[in-house]
Amino acid sequence: MTELIFFINQVVIAGAVLGSIYALGAIGITLIFGILRFAHFAHSELMTGGAFIAFLLATLFAAWGVTAPIPMGFVVLPLAMVLGAVFALGIDKGFYAPLRKRGAKPVTLLIASIGVTLMIQGLIRLFFGSGSYSFFENEPKDVFRVDMSALGSTRPLVITEPQILMIAVTAIAVIALHLFLTRSRLGKAMRAMADNADLAQVSGINTALVVRVTWVIAGALACMAGTMLALDVTLKPDLAFNIILPIFAAAIVGGLGQAYGAIAGGLLIGFAETLAVFNWSMVLKPLNAVLPEWMQLPQTLALVPTEYKLTVAFVILVVTLLVRPTGIFKGASS
Amino acid sequence: MIRRSLTLFAGLFVLILVIGWFMGVPFTSSRLVEAAAYSLIAMGLNIQWGYGGLFNFGIMGFMMLGGVAVTFISYPVNPQFWGSDGPWMLGRALIAFGAGALLVIAAQQSHRVGVRGGWKMALTALAWFIGYCVYRSQIDPAAAYIEANAGWVGGLGGHPVLGWIFGGVLAAGAAYIVGKITLGLRTDYLAIATIGISEIIRALVKNMDWLTRGTLTVSPIPWPTPLPGDYQAGGMDAQTALLAARGGFLLLVLVIFAVAMFLISRAYAGPWGRMMRAIRDNHISSASMGKNVTARQLEIFVFGSVLMGIGGAILVSFVQINDPSSYQPINHTFLIWVMVIVGGAGNNWGAVFGAVLIWLVWIISDPLAQLLFGTISHWSGQIGWGEIPDIQSRASQMRIFVLGAVITIALRFAPRGLIPEVVRREG
């Protein structure tokens with residue numbers, strides 16, 4: 001039983017948290033790709049920027065003496081998401097809309113998004129330095145240790161409060177997005193435009209509005225993902241820049257343009273990364289009693305050494321591109 | 001067109017003189033050598049993007065391979081490694097690698113003996129897994145043994161120029177594999193796949209301590225030309241010796257640059273160049289004219305990567321230290337992209353102009369930002385708002401912002417670059 005609890009602690013919880021963050025980021029990327037047809041690299045900066053907005057709000061609220069039973073990061077999340085959406089809209093207005101108006105190719109927009117990445121990255125570093133910040137400087141990070149001795153385990157089940165809230169909030173966001181895309185008129189318009197932009201336009205869909213809504217959703221979800229990542233680890237200027245590639249991998253593995261695919265891809269990549277670096281000898285230790293002398297398991301038996309954790313996503317990406325370039329959910333491929 | 005290019009290059013020359021005036025000759029001379037190496041790399045990207053329309057975001061990976069290659073070839077031999085069991089263990093790992101590769105190839109050919117569909121897929125996956133396990137079972141102890149007994153494999157003690165050539169060859173090999181996997185994908189996918197592969201290369205180089213010494217870094221890597229110390233031993237004073245040594249290095253890089261430029265310009269002006277432009281502008285029509293689009297794109301991807309490998313090797317030789325953790329996507333991949341976009345994709349002289357200009361902008365935006373912040377801080381301190389804290393570290397982040405601003409402005413107002421491509425119309 002101890003081994004199972006260890007497995008849950010190391011793989012199921014960590015994988016779910018990482019997977020939720022990847023999924024939230026990948027939804028934004030995949031929606032932007034579906035509507036505007038370009039790979040939006042600056043999404044990482046929407047995430048980092050959103051996390052910094054949430055951090056500033058949390059500091060402000062704490063200074064005003066607001067107290068809450070849950071971590072301050074989650075209290076300010078709705079407000080931060082609104083600001084994140086405005087931020088995303090502003091970036092589109094300032095940088096991408098003029099290029100679109102000129103009829104620039106998607107590749108030009110891609111390069112512009114890299115310029116935006118660099119600018120925001122530079123600004124964040126300019127104002128916040130290159131050090132790291134924590135949401136939990138003035139409040140404790142609650143850690144729950146559920147005693148599992150009733151089940152015959154010597155190890156407790158360990159989960160932190162932000163992690164529980166994170167998984168819950170992601171689930172709510174995903175359900176809300178699902179309802180929006182399937183039930184509301186605007187959501188249906190969005191799906192129609194992703195399928196065929198010209199046809200959608202001649203059917204009388206307000207494409208400019210759809211583009212704005214896309215940025216609002218992408219910005220809000222990116223802000224959420226960034227804040228949650230900062231709550232789980234620490235807040236630093238290259239917070240999301242380092243994980244933008246696994247997020248892209250998640251969006252492609254799920255099928256670019258497919259919102260559900262992005263969720264599946266995010267969870268898949270999150271679990272694959274944690275499983276790949278998981279030390280199997282801890283779980284398989286009981287086998288040592290059965291196995292003969294020459295087949296004893298070594299101390300560490302991970303599929304991939306921990307240093308190479310980030311490469312797992314790329315290997316999955318490359319295999320997907322080779323075997324099924326459209327991704328799991330048949331996204332755009334050409 | 002010619003007049004515009006000449007004016008721009010004259011302006012660049014004046015800029016170099018101004019920088020030399022303010023920052024001193026030793027600083028400027030070393031920036032110039034780096035700018036020459038970056039010109040070579042930017043030309044490589046210009047071949048891929050400007051001629052071929054291929055989206056390579058993995059420049060950092062190819063530059064790193066060049067750095068590793070020149071370290072391996074030119075660093076002195078490590079007798080501790082060659083005297084130990086290390087080579088023998090590495091040989092076994094190589095055999096294990098070969099066996100694993102054979103297994104995978106056999107599984108891929110299994111349809112010849114009647115294994116089809118899902119079974120073949122499962123068999124291939126199993127073969128990959130077994131091959132990987134067999135290789136890991138040999139390489140892990142070998143790596144641990146070498147790191148414990150000899151540190152790392154050391155170099156071969158060859159001439160650095162040989163190392164540069166080997167850097168090109170290594171980058172070409174990597175580009176061939178990468179191209180085989182990713183070419184034929186649409187642009188966005190190609191961009192992400194190449195970034196992914198360059199990150200894999202970075203992770204490998206950083207963590208394969210037995211081969212590259214990883215984050216421990218290797219130095220000093222020898223120069224192909226005499227070092228300042230050699231000139232000083234001949235009786236020169238320090239300043240002249242430094243200039244003479246750097247001048248020699250710069251001359252060598254410029255010779256390589258001139259050869260590359262000559263060959264590329266010749267090729268591009270000929271039928272090969274016309275074919276490449278045709279493929280870039282409309283690959284469907286060129287395929288219908290009987291051109292093998294994928295093979296030609298692979299060719300151009302490999303050619304461009306060779307220049308990136310050589311450029312990366314030259315940079316490592318020049319700074320004399322191979323430090324894998326100094327490689328960042330911003331400083332290596334995106335910087336080169338800004339160079340080519342600002343200079344003018346599709347025009348070699350444009351790419352070179354962009355390379356030198358952006359490299360100088362990148363370098364001087366740090367001291368300029370410090371000057372600016374110092375002034376603002378002084379002023380805000382005087383009117384009682386307090387001074388800006390740690391200007392030093394903040395100002396060095398300013399260049400990332402400047403880089404981003406330059407590329408967004410260029411895309412908005414000069415999308416074809418400062419020295420755009422010259423479209424020649426025949427007949």
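Biologist: What should I know about the model and the numbering?
Modeller: The model is predicted, so local features need pLDDT of at least 70 and side-chain atom pairs count only at pLDDT 80 or more, while totals for chains, interfaces and linings use all residues. Residues are numbered from 1 along each chain as its sequence is written, and chains are lettered from A and ligands numbered from 1 in the order in which they are written.

Biologist: At what angle do α3 and α8 of chain B pack?
Modeller: About 30 degrees, with the axes of α3 (residues 59-74) and α8 (residues 187-207) 8 Å apart. Axes are lines fitted to C-alpha atoms over the stretch in contact, and angles run from 0 to 180 degrees between N-to-C directions. Helices are DSSP runs of H or I, at least four residues, and strands are E runs of at least two, numbered from the N terminus.

Biologist: Which residues meet there?
Modeller: Met60(B), Gly61(B), Met64(B), Leu65(B) and Val68(B) in α3(B) meet Ile197(B), Ser198(B), Ile201(B), Arg202(B) and Val205(B) in α8(B). Contact means C-beta atoms, placed from the backbone, within 7 Å.

Biologist: Switching to the chain contact, how many residues does each chain give?
Modeller: Chain A gives 39 residues and chain B gives 37 residues. On the side of chain A that touches chain B, α5(A) gives the most, with 16 residues.

Biologist: And α6 of chain A, which residues are buried?
Modeller: Pro162(A), Gln163(A), Met166(A), Thr170(A) and Ala173(A) are buried, meaning 20 or more other C-beta atoms within 10 Å of the residue's own, with C-beta atoms placed from the backbone.

Biologist: What covers them?
Modeller: The cover includes α1 (2-36), β2 (157-160) and α9 (207-232) of chain A.

Terms used: Two residues are in contact if their C-beta atoms, placed from the backbone, lie within 7 Å. A residue is buried if 20 or more other C-beta atoms lie within 10 Å of its own, exposed if 12 or fewer, and partly exposed in between; C-beta atoms are placed from the backbone.
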